[in-house]
Amino acid sequence: MTRFGDFQPLCRATPSYPWCNLFYRQLQRLSPDSLTGLSSDSQSAPVGINPQCGIPRVGHDGSVANVANIAVCAASIIFVALLIFFCNRRKAAVGRIELRTFLILYLLTLPFQLLTTGSLLEQGSTALVVLTGIHAGLVASLFWSLLANGLVATQVVEDGTLSSLVPFYIFAFIFFAGTTYISLDVAFGVTSTLGGPSNPVESIRSIPLFVLTSIWPAASALLYLAIMSYIVLHILQETRPMWYYLLSAVLFVLSQLAWFLLSRVICRGSSQKVDGSFIATLLESAAVGVLYLGWRSITETSWEDDPFYNS
């Protein structure tokens, strides 16, 4: 029976799910016999734990790695770098520094995603585990920055000032450091405070890691959408910008559905050459781009002219 915090169903049914790299190392240390099928040989093992389908590590069985997702990650890096450039040019826009930080954090996740899901590094290797731990920390910090952008948009504190930026960066660091620590502890088992081995080991379970990499991102995205809906519809009394935020939310949801529902289908259909991760990455980057357009649409004239933001 699946329990809250179990990664076993995800690591078995979802190709290229990065957090499985942490549990592979845990099982390699504590229960190597439980690694069977595609996971039995760490030299060629794909991302996942005994996955139903996975892309073998580059150079094995004719694999060229997760080439589609690698290409999309590389293109997304260029795309997000351009968004940061355009964001930085809008000197007087509300929340510019905070949104730029969000975009930078998303940019940082992309090379880590390329490495942790690309079937480039050996499963169980220290390098892959450390990169995955940092990737998890960046994701948790990214969604804090998304939520913080919504809070800053309310103008409870003035954007770009120490009262806004100090808590913004402090909590971003806390989420990054805490999630990275828990991730590495899951893999290496240095302590058992928050990470440590699953019980039983074969269940590959970690409630803190599941909360920080699954529940927290979903909750942050929902809260951000709720805050921006209130600001756009109630405070600004506009509808056009809201379509950007709704479209961004839809693209984000579709990206997750592509990853969790289409990956295995695409993996099998392509004879383990590609999976749905490249579609998920493409949709996620599109969601970030549309979110930028939403921010731009409400910082061009609406907020600057609204007495609520000039009081």
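Visitor: Which side chains meet in a salt bridge with Asp 6, N to O at 3.4 Å?
Guide: The partner is Arg 205, whose side chain meets that of Asp 6 in a salt bridge at 3.4 Å, N to O, where a salt bridge is a side-chain nitrogen of Lys or Arg within 4 Å of a carboxyl oxygen of Asp or Glu. This is a predicted model, in which local features need pLDDT of at least 70 and side-chain atom pairs count only at pLDDT 80 or more, while totals for chains, interfaces and linings use all residues. Residues are numbered from 1 along each chain as its sequence is written, and side-chain values use heavy atoms, with hydrogens and water left out.

Visitor: Where do Arg 205 and Asp 6 sit in the chain?
Guide: Arg 205 is in the loop between helix 6 (162-188) and helix 7, whereas Asp 6 is in the segment before helix 1 (8-13), so the pair, 199 residues apart, links distant parts of the chain. Helices here are DSSP runs (H or I, at least four residues), numbered from the N terminus.

Visitor: Is Asp 6 buried or exposed?
Guide: Asp 6 counts as buried because its relative accessibility is 10%, the classes being buried under 20% relative accessible area, exposed over 50% and partly exposed in between, with a 1.4 Å probe and protein chains only. Arg 205, at 23%, counts as partly exposed.

Visitor: And which residues does the network join?
Guide: Salt bridges with shared partners join Arg 3, Asp 6 and Arg 205 into one network. Arg 3 pairs with Asp 6, their closest N and O atoms being 3.9 Å apart, and Arg 3 is partly exposed at 31%. The count by this rule comes to 2 salt bridges.

Visitor: Switching to helices, how do helix 5 and helix 7 cross?
Guide: The axes of helix 5 (residues 126-153) and helix 7 (residues 207-235) come within 9 Å and cross at roughly 15°, with axes fitted as lines to C-alpha atoms over the stretch in contact and angles running from 0 to 180 degrees between N-to-C directions. That makes helix 5 roughly parallel to helix 7, a label for angles under 35 degrees.

Visitor: What about Val 253, which helix is that in?
Guide: Val 253 lies in helix 8 (residues 240-269), and it counts as partly exposed because its relative accessibility is 45%.

Visitor: Last one: how far is Ile 279 from Gly 5 in space?
Guide: Ile 279 and Gly 5 are 26 Å apart, C-alpha to C-alpha, and 274 residues apart in sequence. Ile 279 is placed in helix 9 (residues 277-299) and is partly exposed, at 24% relative accessible area.

Note on methods:
Helix = DSSP H or I, 4+ residues; strand = E, 2+ residues; numbered from the N terminus. Parallel < 35°, antiparallel > 145°, perpendicular 65-115°, else oblique.
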